[in-house]
Amino acid sequence: MTRKAFEASEAFEPPQRLVRALAETRLVGDDGVGEWLERLPELVQQAVDLRELTVERVQAPGGRSSLVLLVRQIDDTPAVLKLAPERARPESERAALAHWGGRGAVQLLNPGDSQGVLLLERLHPDLSVRSLPEAKALLEAATTLRRLWVEPPSAHVFETVAQRTGRQAAAMRVGAAGDGEVRALVDAALAAREELLAAAPEERLLHGTFRQSKVLAGERFPWLAVGPDPVVGECAFDLARLVRDRVEDLIASPSGAATTRRRVRKLAESLDVDQERLRGWTLFRAVESGVRARRVGRPRDAELLLEFAGWL
C-alpha cells in the first residue's frame with residue numbers, strides 16, 4: 001500500500017485482533033478507546049502526512065493494544081509507525097525505549113514526538129523467537145530480557161509493580177466473588193503478592209509484558225524486544241510471564257506440570273533470580289490473567305491459565 005493509495009483508500013480497517021481486544025476493554029472500563037478506534041483512519045492519515053511517510057501495509061494480525069504499520073521514511077529508510085490509545089500508555093513506552101536507547105530493545109526514532117505515535121526501527125515483524133525450538137526460544141528470550149533490566153531514570157514516572165498489581169488485585173477480588181474454586185487460587189495469588197512486595201530485592205526498569213512473541217529478529221542485533229508496557233520493580237515479576245509461554249502446549253502435555261516447575265528452576269538459575277519469588281509472581285500473574293479472561297468472555301483462555309496456576 002503506497003502513501004497515495006492509503007490517502008485514496010476509503011476502506012481502511014484496523015486488524016480484527018485489535019478491534020476484538022479493544023472491545024474487551026469496554027467490559028472493564030472504556031477509557032476512550034471507542035472514540036480512538038473511530039478516529040483511527042484520521043489519526044493514521046495525520047501521522048503519515050506529518051512525518052512524510054510512505055505506508056507499505058498494515059501489520060496483521062498485529063497487536064492487541066495498538067495499530068502497527070510498516071512504512072518508509074522520506075529517505076526510503078524502512079521503519080514502523082505505531083499508534084496506540086492513551087489506555088495503552090504509549091508515552092510510558094516511549095520513555096522506556098528512549099532510556100534503553102536500543103540496548104536489547106527496538107530503537108525509537110522519534111523520542112521527542114508525542115500524541116500516542118511511535119516511529120520505530122524496522123525489525124522482522126513476522127519472525128519472533130517463538131519460531132525457534134522451545135529450549136532455544138527460552139534461552140534467546142531470557143538473554144534479551146536480561147539486557148533490559150537497568151536502573152530506572154531518576155525521578156521516573158513509570159508505574160511500579162506495587163501500583164500495577166494493586167489495581168489488578170482489586171479486580172481479581174471482584175472477578176472471583178461467588179466462585180469457590182477460583183477464590184482459592186485468587187487467595188493464594190493475593191497472599192503471594194503481599195509477601196513478595198514486603199521485601200522486594202531490587203528496583204529495575206522492566207519490560208512489563210515480556211514473552212516470546214515480543215522478541216523479534218533484527219539487523220542491528222539478532223533479537224530485540226518490542227511492545228513494552230514498562231513498570232519498575234523486581235526482575236522476577238518480568239520473568240514470570242515468560243514461564244507460561246506456550247501454555248497450550250504445556251496443558252496438552254502429560255508432563256506439563258513437571259515441565260513448568262523445571263522451567264521455573266532453569267529460568268531462575270539462568271537469570272540469577274530467586275526461584276521462590278519467580279514461582280510466586282508466576283502464580284499471581286497467571287491467576288490475574290485467568291480471572292481477567294473470564295471477565296471479558298474468553299473462557300477457554302481462562303481455563304488454561306487457571307489450570308496452569310494450579311500447578312504452581
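The model is predicted, so local features need pLDDT of at least 70 and side-chain atom pairs count only at pLDDT 80 or more, while totals for chains, interfaces and linings use all residues. Residues are numbered from 1 along each chain as its sequence is written, and side-chain values use heavy atoms, with hydrogens and water left out.

Two packed helices are described by the angle between their axes and the distance between the axes. Here, axes are lines fitted to C-alpha atoms, for helices over the stretch in contact, and angles run from 0 to 180 degrees between N-to-C directions. Helices are DSSP runs (H or I, at least four residues) numbered from the N terminus.

| Pair | Angle | Axis distance |
|---|---|---|
| α7 (residues 180-197) and α11 | roughly 135 degrees | within 9 Å |
| α11 and α12 (residues 299-310) | roughly 160 degrees | within 8 Å |

For orientation, angles under 35 degrees count as roughly parallel, over 145 as roughly antiparallel, 65 to 115 as roughly perpendicular and the rest as oblique.

The crossing of α6 with α11 is left-handed, a term used if the near helix is turned anticlockwise from the far one by less than a right angle (right-handed if clockwise). Contact means heavy atoms within 4.5 Å, and on the α6 side the residues include V161, M172 and G175, facing among others W281, F284 and V287 of α11. This contact holds eight nonpolar, three polar and two charged residues. In this classing, Ala, Val, Leu, Ile, Met, Phe, Trp, Tyr, Cys and Pro count as nonpolar, Asp, Glu, Lys and Arg as charged, and the others, Gly among them, as polar.

Next comes α7, whose axis crosses that of α11 at roughly 135 degrees. That makes α7 oblique to α11. Helix α7 also passes α11 in a left-handed crossing. Residues including L185, V186 and A189 of α7 meet residues including F284, V287 and R294 of α11. The classes in this contact are 14 nonpolar, one polar and three charged residues.

With α12, the axis of α11 makes an angle of roughly 160 degrees. The two helices are therefore roughly antiparallel to each other. Among the contact residues are A286, V287 and S289 of α11 and L305, L306 and F308 of α12. They divide into eleven nonpolar, three polar and two charged.

Which residues have the most contacts inside the largest nonpolar core? They are L239, L278, V287 and F308, in a core of 71 residues. A nonpolar core is a set of buried Ala, Val, Leu, Ile, Met, Phe, Trp, Tyr and Cys residues joined through side-chain atoms within 4.5 Å. Not counting residues up to four places away in sequence, V287 touches M172, L185, V186, A189, L306 and A309.

S289, found in helix α11, counts as buried at 10% relative accessibility; buried means under 20% relative accessible area, exposed over 50%, and partly exposed in between (1.4 Å probe, protein chains only). Beyond four places in sequence, S289 touches R244 and L305.

G256 lies in helix α10 (residues 256-270) and is buried, with a relative accessible area of 1%.
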